[in-house]
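Subject: Structure handover

Hello,

Here is the structure we spoke about, with its sequence. My notes on it follow below.

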Amino acid sequence: MPEIGDPEAVTGMGRIRSRHSRQSSFVTFCNCTGRSVRPVWINYRGQPEIYAEMKAQSKRKMNTFMGHPWMFRDAVSDDRLLVNSHEVFTSPPGQVNEIGQPRYIMVKITIPVYTLKERCLQVVRSLVKQEDYRNLEIARTLHDDLEDHPQLLKDLQRLQQLAEQEGNGLN
């Protein structure tokens, strides 16, 4: 059984993956944060494919396809970000105007409301070198939490499990 964070853990053709589609989708990813952001497309096998970084407060037009899921991560810390208030954005069918030009829909990338513990861990990670975590005079469980850095694959596996539970009527 693959471990959390292992790329093999998300290759099982889970519910969160791109579907084959010929229907174009036209989106403008709008980074509404003060952070550099990594767009992540979830491919046909349910594996993440990282796209070029977006600078803080920038926009990027993207031609994608209906049913293609996207996630966004902080480019420095790998913290999860939200896209239209969700962890995963699935591209809708594209529309064109009367002369056949694509109509791009705005997709907002924002910072979620982190728990106080998550936010404190982010700050400590940004101020203290990883090799010095165990030297901090804090509870041992917090040492473990500090060492458990955010990971795209771990979050994707968590979301795949939630999607499976919802699909099986367990949620």
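How do the residues of the lining of the largest pocket divide into nonpolar, polar and charged? There are four nonpolar, four polar and 10 charged ones. Please keep in mind throughout that this is a predicted model.

The largest pocket

The volume of this pocket is about 420 Å³, and 18 residues line it. Those nearest its centre are Glu-118, Asp-148, Pro-150, Lys-154 and Asp-155. Two elements, helix 1 (116-127) and helix 3 (152-167), each give two or more residues to the lining. Helix 1 has the largest share, with five residues.

The second largest pocket

This one has a volume of about 210 Å³. Helix 1 again gives the most to the lining, here four residues. Among the lining residues are Arg-119, Gln-122, Arg-125 and Ser-126, along with Asp-74, Asp-78, Asp-79 and His-149. Pro-150 also lines the second largest pocket, and Pro-150 is one of the residues nearest the centre of the largest pocket. By class, the lining of the second largest pocket has six charged, four polar and two nonpolar residues.

Arg-73

Arg-73 belongs to strand 5, which runs over residues 69-74. Is Arg-73 buried or exposed? Its relative accessible area is 1%, so Arg-73 counts as buried. Its side chain makes a polar contact with the side chain of Asp-155, at 2.7 Å. Asp-155 is also among the residues nearest the centre of the largest pocket. Leaving aside neighbours within four places in sequence, the contacts of Arg-73 include Ser-36, Val-37, Arg-38 and Val-40, as well as Pro-150, Gln-151 and Leu-152.

Asp-145

Asp-145 is in helix 2, residues 140-147. Its relative accessibility is 22%, and therefore Asp-145 counts as partly exposed. Which residues is Asp-145 in contact with, leaving aside its neighbours within four places in sequence? They are Lys-117, Leu-121 and Arg-125.

Regards

How values were computed:
Residues are numbered from 1 along each chain as its sequence is written. This is a predicted model: local features need pLDDT of at least 70, side-chain atom pairs count only at pLDDT 80 or more; totals for chains, interfaces and linings use all residues. Side-chain values use heavy atoms; hydrogens and water are left out. On a 1 Å grid over the protein atoms alone, a cavity is a set of points where a 1.4 Å probe fits but cannot get out, and a pocket is an open set with protein on both sides within 12 Å along at least five of seven lines; lining residues have an atom within 4 Å of a point. Grid points are joined across faces, edges and corners, and a volume is the space filled by probe spheres set on the points. Ala, Val, Leu, Ile, Met, Phe, Trp, Tyr, Cys and Pro count as nonpolar, Asp, Glu, Lys and Arg as charged, and the others, Gly among them, as polar. Buried means under 20% relative accessible area, exposed over 50%, partly exposed in between (1.4 Å probe, protein chains only). Contact means heavy atoms within 4.5 Å. A polar contact is a pair of N or O atoms within 3.5 Å; within protein, one must be able to donate a hydrogen and the other to accept it, and residues adjacent in sequence count only if both atoms are side-chain atoms.
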